[in-house]
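Please look through the model below before reading the points. They are notes for someone meeting this structure for the first time.

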Amino acid sequence: MKRLVLTLAFIAILFSSLNTIFADEKAKLEKGTFILVNATKILSTETLQEGDLVYFISPADVWVDETKIIPKDTIFTGYVEMLKMPIKGINAAIKFKITHITLPNGETKEFSGKITDGKNDVIGAEQTPPASYNKMTHLYQSRWHWSGTTQWVPSGEYEYGQHRGVKPGQNLFVEVEDTYYAY
C-alpha cells in the first residue's frame, strides 16, 4: 500500500513538473514574431531626433496556443534609432527600436524589438519623382526603312524629399529580436 501511494505521488510530481516545463515552453514569443501595434501620437522626421522616446500600443491580445502572452493595451516603449532628413531625390527616413513593454497592470518588462511596416524596418527613404523630363528620340530600323519614336525620359533632376513618419492608429508591427518569455 505504501509502495502504491509513493508511486502515485512520484507520478503526480513527475506530471506536474512536465506540465510546467511544457507550459513554460508555450509562454514565449520566438525571435522574428510580428506583433501588431499602433502609434500613440504622430511620429515624424520633422519633429523627432535620434534618441527621442516613442510609444506604441497593442490594439489586441497576443496569444500563443492557449496562453495570453501580451494583453491588449500593452505599451511598447522605445526610441528613435536612426533618423535621416530629406534631401534632393530622397525622402526622409526613420527607424524605431523597442526596449521594454508596460503591461496594463503597470508591470514593466525588458523587450527587444524593432518597428516595421511589414516590409521594411526603415520608414521612408523612397526616391522622389523626377523634377523634369526630356524628349528623347529612339531610332529603330524596320525591314525596309529607318523609323523613330519620341519618348519622355527623366532629366536626372529630382524633386526635394518630403518628411516621413507614422500617424496614430496606423498599423505597424513589432518584430521580436530576442525570445520573450511571458513569466
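**Notes on the model**

1. The charged end of R143 lies over the ring of W144, 5.6 Å from the ring centre. A charge counts as over a ring when NZ of Lys or CZ of Arg is within 6 Å of the ring centre and within 35 degrees of the ring normal.

2. The model is predicted: local features need pLDDT of at least 70, side-chain atom pairs count only at pLDDT 80 or more, and totals for chains, interfaces and linings use all residues. Residues are numbered from 1 along each chain as its sequence is written, and side-chain values use heavy atoms, with hydrogens and water left out.

3. How many aromatic pairs does a search of the whole structure find? There are four. One of them joins F76 and F111 edge-to-face, at 5.6 Å centre to centre and 85° between the planes. F76 is in strand β7 (residues 75-84) and F111 in strand β9 (residues 108-116), 35 residues apart, and the pair links distant parts of the chain. Ring pairs also bring Y180 into a cluster with F76 and F111. (Rings of Phe, Tyr and Trp, the last by its six-membered ring, pair if their centres lie within 6.5 Å; planes under 30 degrees apart are stacked, over 60 edge-to-face, the rest tilted. Strands are DSSP runs of E, at least two residues, numbered from the N terminus.)

4. F76 and F111 are both buried, where buried means under 20% relative accessible area, exposed over 50%, and partly exposed in between (1.4 Å probe, protein chains only). In the largest nonpolar core, which has 30 residues, F56, F76, F96 and F111 touch the most other members. Strand β8 gives the largest share of this core, four residues. (A nonpolar core is a set of buried Ala, Val, Leu, Ile, Met, Phe, Trp, Tyr and Cys residues joined through side-chain atoms within 4.5 Å.)

5. On the surface, L53, Y55 and I75 make a nonpolar patch with about 260 Å² of accessible area together. L53 belongs to strand β4 (residues 53-57) and counts as exposed because its relative accessibility is 52%. (Patch residues have over 30% relative accessible area and no salt bridge; nonpolar side chains, Val, Leu, Ile, Met, Phe, Trp or Tyr, are joined within 5 Å, like charges within 9 Å. A salt bridge is a side-chain nitrogen of Lys or Arg within 4 Å of a carboxyl oxygen of Asp or Glu. Areas are from the Shrake-Rupley method with a 1.4 Å probe, and for residues only the protein chains shown count as cover.)

6. Most residues other than glycine have a negative phi. D65, in the loop between β5 (62-64) and β6 (67-70), has a positive phi near 55°. D73, in the loop between β6 and β7, has a positive phi of about 70°.
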